[in-house]
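These are my notebook entries on a single protein chain.

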Amino acid sequence: MNLRSSNKILAQAAIILFFFWVIALILLTRPLLNNQQSEVSNDVLQRLSKAVSELESLKVRNQELQWILTNFSHEAQSGKINENVVERLRSTLEDKIRVPISFGGLEKKLTDGPSNEYEVKRRAIYRGVQEIWYFVQQELEKLKKKGHDQNAPELASLIQEILNSGKEHEIVLLNDLQELSSMEGHDAWRTTESRALSDLVQRRLHYLQNPVDCSKARKLVCNLNKSCGYGCQIHHAAYCFIMAYATKRTLILNSKKWRYHRGGWEKVFLPLSDTCTDPSGLDRSNWPGTNETQVIELPIVDMLSPRPPFLPLAIPRDLSDRMIRLHGDPQVWWIGQFMKYLLRYQPETQKMLDQAKEKMNFKMPVVGVHVRRTDKVGTEAAFHSIDEYMLFVADFFNKLEMKEKVPVRRVYLASDDPSVLPEAKKKYPDYEFLGDVSIAKGAAVATRYTDSSLRGILVDIHMLAHSDHLVCTFSSQVCRLAYEIMQTLHPDASSKFKSLDDIYYYGGQGPHQQTAIYSHKGHRTGEISMEVGDVLGIAGNHWDGYSKGINERTKQSGLYPSFKAVDKYNIVDFPVYSEVAVAA
């Protein structure tokens, strides 16, 4: 709420107060006027006594109103006004003065929340501040290196001072933008809208998975037998679930002899259905089948043909406006909703995670760090030292300490390399590291498919997802899975990460495209040119102010300034599930 709106409310309350003050004066003076020609009688004294009593009562009410309005004014000036505060003020005033009060639809305006344009622009400015700092930092680091190479230590030292000061400026700007986003009751709206939108999707999934008559239901059978690690297999199950939602078929997850638990999916997570787990039907076909085919078997995404339009990173048209308004990366939010339904823990699993959390004293604030090594390094990902991760951990806590005192810099460290945790504890004694070396040992390729390894990976992903910030490599399925789950725990966690390599992607996804919002003339080696409206196939962000991709109009491939393009969402017609009410 802006100051003008709060002042208007205060003026309304003052008018109400003045109105009742006038009534009190009339009550006080009327008996005196009627009896001015006669002596003061007992009746007049009684009326006078009553009027004085009423005046004292009014004085008390006046003090109460002043206290209410003063506190309301303070909240208005601090930007903490939301619909709950307005409702509290209104109900308190009504209780005190016994008259219905309306603030002219102000409550509704607050409930409506910020506009789509406001939310999109606010997030764009936040990313823009980050991108300009990536660029400036990278260029200054190059100059500093030249200073060292040319034996000019004073120049290198000066550049380092500029880097330190520039980083502080970035932190303050980002903190200010976050505070701005919480003003005028917008945080309350985001929380309410996030809960409502997620609830709608979850009810649709429950409806899909619990048909009235399983024997007649159309089904999609998915075999949980993909030869890959835990994160990859969970993403395979989520891909199957998205396909089921898009074709309006009940998902039957065949998990017998699952390599991570021989007892199957239901030994770790709740069943996907309470009413329909039988994969049989009148007729059966491999993908794609027809609309009339009752049971369709789905291959892994790598073998899917033909490829439908609703694969990630597609989002549903009927929910797209709400998703884009609410979330900085609606594509990840959408995938997170399927993870939310899939990964509902069995009570025993939840108990194990709660005990692990209590045992390690997992508390906020905490940064989750995932260091992927072993089979990934040298094939799918480059080696990154613990120092690279800790730079961004320090950034998070430095930013937080600009706003509040941080008694402990706490880090949850997960890795498949047992040497990483002891190394971090030794090199960074000012940090408190949470983690378990035995989990890292169990994550090794040779022991990956044991019960202890499963418990370890469940703990790691759970703690990473529940951290305040995530530092990792998006080339890792575990890292991306934790990030997807994180989206279900906040209205918008799209900026709560730092990837040391890739941008977010989903294995087997459709094209990830951006749209140029500013023209650019390539002037550096490796740069491409683009015009406003050009579609760019993005390959990655180099986190130095530039992204890499291909201009689909000119077919040029190379670098372009990251801030001059935005994501082009793939909005697709999914079923609208009219059988499920929008509001519960």
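I took helices (H or I, at least four residues) and strands (E, at least two) as DSSP runs, numbered from the N terminus. The model is predicted, so I noted that local features need pLDDT of at least 70, side-chain atom pairs count only at pLDDT 80 or more, and totals for chains, interfaces and linings use all residues. Residues are numbered from 1 along each chain as its sequence is written, and side-chain values use heavy atoms, with hydrogens and water left out.

Entry 1, the chain. I counted 16 helices and 16 strands. I called a residue buried under 20% relative accessible area, exposed over 50% and partly exposed in between (1.4 Å probe, protein chains only). Of the 584 residues, 48% are buried.

Entry 2, strand S7. I found seven of the seven residues of S7 (409–415) buried. One side carries Arg409, Val411, Leu413 and Ser415, the other Arg410, Tyr412 and Ala414, and both faces are covered. I counted two strands as paired if DSSP finds at least two bridges between them. S6 (366–371) runs parallel to S7 over six bridges, with Gly368 bridged to Tyr412. S8 (431–434) is also parallel to S7, through four bridges, and Phe433 in S8 stands opposite Val411. Between S7 and S8 the chain passes through helix H13 (420–427), a right-handed β-α-β crossover; right-handed means that, with the strands pointing away from the viewer, the path from the first strand over the helix to the second runs clockwise.

I defined a nonpolar core as a set of buried Ala, Val, Leu, Ile, Met, Phe, Trp, Tyr and Cys residues joined through side-chain atoms within 4.5 Å. The largest has 87 residues, and Tyr230, Trp265, Trp334 and Tyr412 have the most contacts inside it. Helix H8 (230–247) gives the largest share of this core, 12 residues. Apart from this core lies another of 22 residues, including Val393 and Val471.

Most residues other than glycine have a negative phi, and most peptide bonds are trans. I noted a cis bond from Trp287 to Pro288, with omega near 10°; Pro288 lies in the loop between S3 (284–286) and S4 (295–298). Asn151 has phi near 55° and is found in the loop between H5 (116–149) and H6 (153–182). Is Asn151 buried or exposed? Asn151 counts as exposed because its relative accessibility is 66%. Tyr577, in the segment after S16 (571–572), has phi near 50°. Tyr577 is buried, with a relative accessible area of 1%.
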